[in-house]
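Colleague: Please take a close look at one part of this model for me. I would like the sheet, with its aromatic pairs and the helices packed on it.

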Amino acid sequence: MSMLVQYHQIPPEGARVRYLVCSLLQEVLKEFFPACRVFPFGSSVNGFGRPGCDLDLYLDFGRSKFDYQFATLGSLDSSDTVVSMEDIESASVEELLDLLASILKRCAPGCAKVQVVPSARCPVVKFVHKDTGLHCDISINNRLALHNTELLHQYRTANPGLGLLVFVVREWGRLCGVAGNSVGGGPRLTNYALTWLVVYYLQMEGVLPSVKELRDVCGEFCLITADGWDCSF
């Protein structure tokens, strides 16, 4: 089973490449939004990613300061932005994504097949990083996903056996035809859904703490919210 995990998880060099893409993209966008930061999230960094999985990115324009475990290197810059913060605040998500796509097309030669997907559950700009072949999705209003990423990573760090069980269940689901959609959406369970089903099972068995138990440990003085959700875990 250990060989199964090694085969299916992102190797260290693959993780470094993903951080590199994130850093390069951040450098391009800082020319227009000097206070911005680009964060990787999801399976690329939570410990449950597989080789070839998409690179999910979150663009923070610098409207608020917060800590994130998987932040890329780079200091905050509070200087005047090329695109003013007032314009950012007044623009719609669709307008900001259109602007972001335009910047990537004109100023990021390493990004190909750039397109806005406004109809997604969380609107994103999709592109392919030509040098690595990574398919990337960048969002601007999905901060909750960062905390979700940290939560899954905490669970795997607290119980290394969780990763082993998740990868085994995923492989079982693929072989039985109940999980793994080859392209986009589909009728089968996603790897993400299977991961949370395994986490839930271990919570019910008392192996992993519930989110409420983690929240209680934090206490009232560690309140963290994102998009209206309590993320104090």
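**The sheet and its surroundings**

Modeller: Start with a ring and a charge: Arg 156 sits over the face of Phe 48, 5.6 Å from the ring centre. Bear in mind that this is a predicted model.

Now the sheet. Five strands make it up, in the order β1-β2-β5-β4-β3. The sheet is open and its pairing is mixed. β1 and β3 are the edge strands, each pairing on one side only. From one strand to the next, the twist averages 25 degrees.

β1 and β2 run antiparallel and are joined by five bridges. Across this pairing, Phe 39 stands opposite Tyr 58 in β2.

Two helices come next. α2 lies across β1, β2, β4 (124–129) and β5 (134–139). Its direction is at about 155 degrees to β1. Helix α4 (residues 93–107) also packs on the sheet, where it touches β2, β3, β4 and β5. The direction of α4 makes about 170 degrees with that of β3.

On to the aromatic rings. The count comes to two aromatic pairs. In one, the ring centres of Phe 33 and Phe 61 are 5.0 Å apart and the planes stand at 75 degrees; planes over 60 degrees apart count as edge-to-face, so this pair is edge-to-face. Phe 33 is in the loop between α2 (12–30) and β1 (37–41). Phe 61 is in the loop between β2 (55–60) and α3 (85–90). The pair therefore ties together parts that are 28 residues apart in sequence. Both Phe 33 and Phe 61 are buried.

The other pair is Phe 39 with Tyr 58, and it is stacked. The centres are 6.5 Å apart, with 15 degrees between the planes. This pair, too, links distant parts of the chain: Phe 39 belongs to strand β1 and Tyr 58 to strand β2, 19 residues apart. Phe 39 has 1% relative accessibility, so it counts as buried. Tyr 58 is buried as well, because its relative accessible area is 5%.

Strand β3 (residues 111–117) contains Lys 113. Most residues other than glycine have a negative phi. Lys 113 is not a glycine, yet its phi is positive, at about 55 degrees. Lys 113 has 69% relative accessibility, so it counts as exposed.

Definitions and conventions
Residues numbered from 1 in each chain as written. Predicted model: local features only at pLDDT ≥ 70, side-chain atom pairs only at ≥ 80, totals over all residues. Heavy atoms only, no water. Helix = DSSP H or I, 4+ residues; strand = E, 2+ residues; numbered from the N terminus. Buried < 20%, exposed > 50% of the residue type's maximum accessible area, 1.4 Å probe, protein only. Phe/Tyr/Trp six-rings, centres within 6.5 Å; stacked < 30°, edge-to-face > 60°. Lys NZ or Arg CZ within 6 Å of the ring centre and 35° of its normal. Pairing = 2+ DSSP bridges. Axes fitted to C-alpha atoms, helices over the stretch in contact; angles between N-to-C directions. Contact = heavy atoms within 4.5 Å.
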